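I opened this notebook to record what I looked up in one structure. The entries follow in the order in which I made them.

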Amino acid sequence: MGKVTGFLEIDRRDRKYRPASDRIRNYKEFVIPLGREATRDQAARCMNCGIPYCHNGCPVNNQIPDWNDLVYNDKWQDALTNLHSTNNFPEFTGRVCPAPCEASCTLNLEDTPVTIKSIECAIVDKGWEEGWIVPEPASTRTGKKIAIIGSGPAGLAAAQQLARVGHEVHVYERQARAGGLLRYGIPDFKMEKSHVDRRVTQMEAEGVVFHYGVNVGIDIDPQELLAEYDAIGLTGGAEKPRDLPIEGRDLDGVQFAMDFLPQQNRRNGGEPDTTGNARPILAGGKHVVVIGGGDTGSDCIGTSVRQGALSVTQLEIMPQPPEKENKQLTWPNWPLKLRTSSSHEEGAERDFAVGTVKFTGENGKVKTLHCARVDAGFKPIEGSEFQLKADLVLLAMGFVSPVHDGLIAKLGVKIDGRGNVEANMLAYKTSVEKVFAAGDMRRGQSLVVWAIREGRQMAHSIDKHLMGETILPR
């Protein structure tokens, strides 16, 4: 441990945001890094706990006290090596992870956790700046061929791990570029896509072959891949959105969030929309209502504000959570509490315990939401009805399962009770021989960091299945 009394002497200090009035004028990242010395000071605050709960709070089990100590001692390259030993893409998690590790930090008992996420991001960003992050191709080849279907964080992590132990890895992606929700769901102002691009470049130099514009199950029969490859990894995500089948749902202007967000990401990337949804969904000059209080809803707020929405209102059917958790009951677990995102700060009204009863409009276009307060059973409370003006309604209520048509149906893999591909967390094997599954397609809608963990663990299982043993970590 570097500075034994660091947590007593140094106050918590985290990254700041550029002013909202400036950042909403573009789609660039707006988080201001701390700088080398300030990051070193923050790393010095780590207590090196006898039982570091941050290890368990982090889904990829980052060795957080270890690389905090290395940063404090100015051993940045060693810190990067340590960080990469558990996480293939810390620049992703250092930007978009909600940091459950910080919730588990012992110093969070007094609301001053170590700024783990910021330190992680500083380590990997410095690694790119210094040229320490380079391709790591395998020294020998195994002769085994593996297909990964889906290039989100789970697929990318699995592909990189498998390529580095000598397998021939082919990644099939139905979109024009790699990244999955990293590219098409998360707005550029939270994570610019250059971070994905340079990882793809690294992986290509390591031997990974990407096949774009290929929708397995539609453009190609998955049975052909079964015949050609020694193993297949399913990492296609959970893309079936939760709908709101109420009166007026078919009105023009009621859209899924995941039809809205990818359009803007494609505009930013200069990529044509090839999804068949030719008409732009734009919030400029409109009163926007976002239904759903999670991260996707927050992303819709920030994007709508940047497009020039007249107003943005976010509705959540759950009651408003407490502003502060009872740590004696929750720590070191992830607490339920009110969280205000950077997008909320840019201009949005939030309302809780609200259900939408119906949509009405004029000339086939939505104009009004008819809402009501709801009780503990999410039933409308009589006499609590009210209306909201809306020209654009974005449904951001989460995802229910992977899309079953095509790939899953033609492979014939077993589905669990929630509609996800059934595979356990030990072997990640599906009901079909030599077919594995990981990420949101297996566990349901979750975090980027969980997808990376599952992709790495699936790679471990595939390598062990093919070779009888493996040096890949779980």
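This is a predicted model: local features need pLDDT of at least 70, side-chain atom pairs count only at pLDDT 80 or more; totals for chains, interfaces and linings use all residues.

The entries below concern sheets, a helix, cores, a pocket and some backbone details.

**Entry 1**

**Entry 2. The parallel sheet**

I began with the sheet of five strands. I found it to be open, with parallel pairing and the strand order S5-S4-S3-S6-S17. Its edge strands are S5 (209-212) and S17 (435-437), each of which pairs on one side only. I recorded an average twist of 20° from one strand to the next.

Strand S4 (residues 168-173) runs parallel to S5 and is joined to S5 by four bridges. Within this pair, I found Val171 opposite Phe210 of S5.

**Entry 3. Helix H20 against the sheet**

Which strands does H20 lie across? I found that H20 lies across strand S3 (145-149), strand S6 (231-234) and S17. Relative to S17, H20 runs at about 165°.

Is Ser461 buried or exposed? Its relative accessible area is 9%, and the cut-off for buried is under 20%, so Ser461 counts as buried. Not counting residues up to four places away in sequence, Ser461 touches Leu426, Ala427, Tyr428 and Phe436.

**Entry 4. Nonpolar cores**

I looked up the largest nonpolar core and found 60 residues in it. Ile123 and Ile148 are the residues with the most contacts inside this core. H20 supplies the largest share of this core, with seven residues.

I listed the contacts of Ile148, leaving aside its neighbours within four places in sequence. Among them are Ala158, Ala159, Leu162, Val169, Val171, Tyr172 and Met458. The list also includes Gly155, His170, Gly233 and Thr235. A second, separate core has 21 residues, including Leu225, Val413, Val432 and Met441.

**Entry 5. The second largest pocket**

I noted that the second largest pocket holds about 360 Å³ of space. It is lined by 19 residues, and those closest to its centre are Thr81, His84, Ser85, Glu136 and Arg164. Which elements give two or more residues to this lining? They are helix H6 (76-84) and helix H10 (153-164). H6 provides the largest share of the lining, four residues.

**Entry 6. The antiparallel sheet**

I turned next to an open sheet of three strands, with antiparallel pairing and the order S12-S13-S14. S12 and S14 stand at the edges with a single partner strand each, so one side of each is left without a neighbour in the sheet. On average, neighbouring strands of this sheet are turned by 30° against each other, direction ignored.

I traced the pairing between strand S12 (residues 354-362) and strand S13 (residues 365-373), and found eight bridges joining these antiparallel strands. Gly355 stands opposite Ala372 in S13, and Thr360 stands opposite Thr368 in S13. S12 and S13 form a hairpin with two residues between them. In the turn, I noted that Asn363 has a positive phi of about 55°.

On to the next pair: S13 and strand S14 (residues 386-389) run antiparallel and are joined by four bridges. What is the bridge partner of Thr368 in S14? I found this partner to be Lys389.

**Entry 7. Backbone details in loops**

I checked the peptide bond from Trp331 to Pro332 and found it to be cis, with omega near 5°. Pro332 is placed in the loop between helix H16 (327-330) and helix H17 (342-345).

I also looked up positive phi values at residues other than glycine. Asp111 has a positive phi of about 65° although it is not a glycine. Asp111 lies in the loop between helix H8 (100-104) and helix H9 (116-129). I recorded Asp111 as partly exposed, with a relative accessible area of 37%.

Ala353, also a residue other than glycine, has a positive phi near 55°. Ala353 is in the loop between strand S11 (349-352) and S12. At 18% relative accessibility, Ala353 falls under the 20% cut-off and therefore counts as buried.

How values were computed: Residues are numbered from 1 along each chain as its sequence is written. Side-chain values use heavy atoms; hydrogens and water are left out. Buried means under 20% relative accessible area, exposed over 50%, partly exposed in between (1.4 Å probe, protein chains only). Contact means heavy atoms within 4.5 Å. Two strands pair if DSSP finds at least two bridges between them. Axes are lines fitted to C-alpha atoms, for helices over the stretch in contact, and angles run from 0 to 180 degrees between N-to-C directions. A nonpolar core is a set of buried Ala, Val, Leu, Ile, Met, Phe, Trp, Tyr and Cys residues joined through side-chain atoms within 4.5 Å. On a 1 Å grid over the protein atoms alone, a cavity is a set of points where a 1.4 Å probe fits but cannot get out, and a pocket is an open set with protein on both sides within 12 Å along at least five of seven lines; lining residues have an atom within 4 Å of a point. Grid points are joined across faces, edges and corners, and a volume is the space filled by probe spheres set on the points.
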